[in-house]
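Please read the points beside the sequence and the structure.

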Amino acid sequence: RLDRRRFDVTVCALKGDDVIAGELRKRGVRVITLGGHGKLDARVVWKLWRLIQRERPDIIHAFLFWANLACRVVGRLLHVKIRLSSYHDVEVRRIWHRLIPDRLTMRWTHANVCCSEAVCRSVRAQLGGEEKKYVAIPFGVAVEQYNGAGSLTRRDLGLREDLAVIGTVCRLVEPKKGLRILLQAAARLREQAPRPDFQLLIVGDGPALQQLRGFSAELGLAPWMVFAGMRRDIPGLLPLMDLFVLPSLYEGFGIAILEAMAAGRPVVATAVGGIPEVVVHGETGLLVPPGDPVALADALHELLAHPERARELGARGRERAHEKFRIESIVRQHEALYEACLRQFA
């Protein structure tokens, strides 16, 4: 969505084509892939060198560790005017062979774009660098896509019509996403009621899928569980949820929360990382401590027992998503950063 009258955009993937590359091309974005194999494929550095020599970009904006590193080193050697790095998660534990090169090359970047103030603080605490080089620009959402319209029904996903739906959307990675905590909280809710008045919908895939399936069976939750797998129709899925929950133990931002808010879903999430910058406790959702199934169960019960309050939280969350996180506003912030760097450093 960058203004093509001011910016000529090329996306370079260090590895190969994927779904995202195809979607970008459909939107008219030029995509070049370098065909890297594994994290230590030195040929990628040479291919990137040749690409930068040929394209002569004014700005390189890199995302993820290896791209950040390559951008700084190759970009500096080839005298690229502006080199930007990005960080999208709080740094819980940095392994040394990443920490050292990140620290050593930090001075070769003109700005570090972080998705939240919490990520800015976390990354700077571990990597150092000048405070003025850290810029927080949140993720954004195309709010018009989350207007509640869609043809999906609960039956399409194997959900029951007579039970409230507690849902989440995330990559199934443990312990980060706290999904075992969610299952423990659900088991606690089930123990408190003679007949469960809810069902759980987990959307996503990842290495913890089978572990979570097994754990849900151990807890006696299997009859009230739906694992929907990887989906690409999230705007149509979210309206099926009565509550959205993200119980992460650490999180840089939580873009799934933002999508749920845009869809008007009341949110229950953990007060970690950048989440409190998105969810206002008691106004657009409820925040609980991480790793606490009792507090999570209490918050879920509160909104299940008071659906009117849940709807009010959802409505205010949608207003906040519209006011603070519209994708158009976020793109303008990136454009302003690029232009400010060009004025200062080019």
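1. Is Asn68 buried or exposed? Asn68 counts as buried, at 1% relative accessibility, where buried means under 20% relative accessible area, exposed over 50% and partly exposed in between, with a 1.4 Å probe and protein chains only. Asn68 lies in helix 3, and, once its neighbours within four places in sequence are left aside, Asn68 is in contact with Ala62, Phe63, Ser85, Ser86 and Tyr87; contact means heavy atoms within 4.5 Å.

2. On the basis of the values: this is a predicted model, in which local features need pLDDT of at least 70 and side-chain atom pairs count only at pLDDT 80 or more, while totals for chains, interfaces and linings use all residues. Residues are numbered from 1 along each chain as its sequence is written, and side-chain values use heavy atoms, with hydrogens and water left out.

3. Helix 2 runs over 43-55 and helix 3 over 65-77; helices (H or I, at least four residues) and strands (E, at least two) are DSSP runs numbered from the N terminus. The axes of these helices, helix 2 and helix 3, come within 10 Å and cross at roughly 50°, the axes being lines fitted to C-alpha atoms, for helices over the stretch in contact, with angles from 0 to 180 degrees between N-to-C directions. Helix 2 is therefore oblique to helix 3, since angles under 35 degrees count as roughly parallel, over 145 as roughly antiparallel, 65 to 115 as roughly perpendicular and the rest as oblique.

4. Which residues of helix 2 and helix 3 meet? Val45, Leu48, Trp49 and Ile52 in helix 2 meet Ala70, Val74 and Leu77 in helix 3. By class, this contact of helix 2 with helix 3 has seven nonpolar, no polar and no charged residues, where Ala, Val, Leu, Ile, Met, Phe, Trp, Tyr, Cys and Pro count as nonpolar, Asp, Glu, Lys and Arg as charged, and the others, Gly among them, as polar.

5. Backbone geometry deserves a look at several places, because most residues other than glycine have a negative phi, and most peptide bonds are trans. Arg56, in the loop between helix 2 and strand 3 (59-61), has a positive phi near 50° and counts as exposed at 68% relative accessibility. Leu64, in the loop between strand 3 and helix 3, has a positive phi of about 80° and is exposed, with a relative accessible area of 64%. A cis peptide bond, with omega about 10°, joins Glu174 and Pro175, and Pro175 lies in the loop between strand 7 (164-169) and helix 6 (179-192).

6. Leu179 lies in helix 6 and is buried, with a relative accessible area of 0%. Leaving aside its neighbours within four places in sequence, Leu179 is in contact with Thr168, Cys170, Leu172, Glu174, Leu212 and Pro247. The C-alpha atoms of Leu179 and Glu323, which are 144 residues apart along the chain, are separated by 30 Å.

7. How many disulfides are there? The count comes to zero, a disulfide being a pair of cysteine sulfur atoms within 2.5 Å. Cys71 is in no disulfide, and the nearest cysteine sulfur, that of Cys12, is 11 Å away; Cys71 counts as buried, at 4% relative accessibility. Cys341 is likewise in no disulfide, with the nearest cysteine sulfur, that of Cys71, 11 Å away, and Cys341 is buried, with a relative accessible area of 5%.
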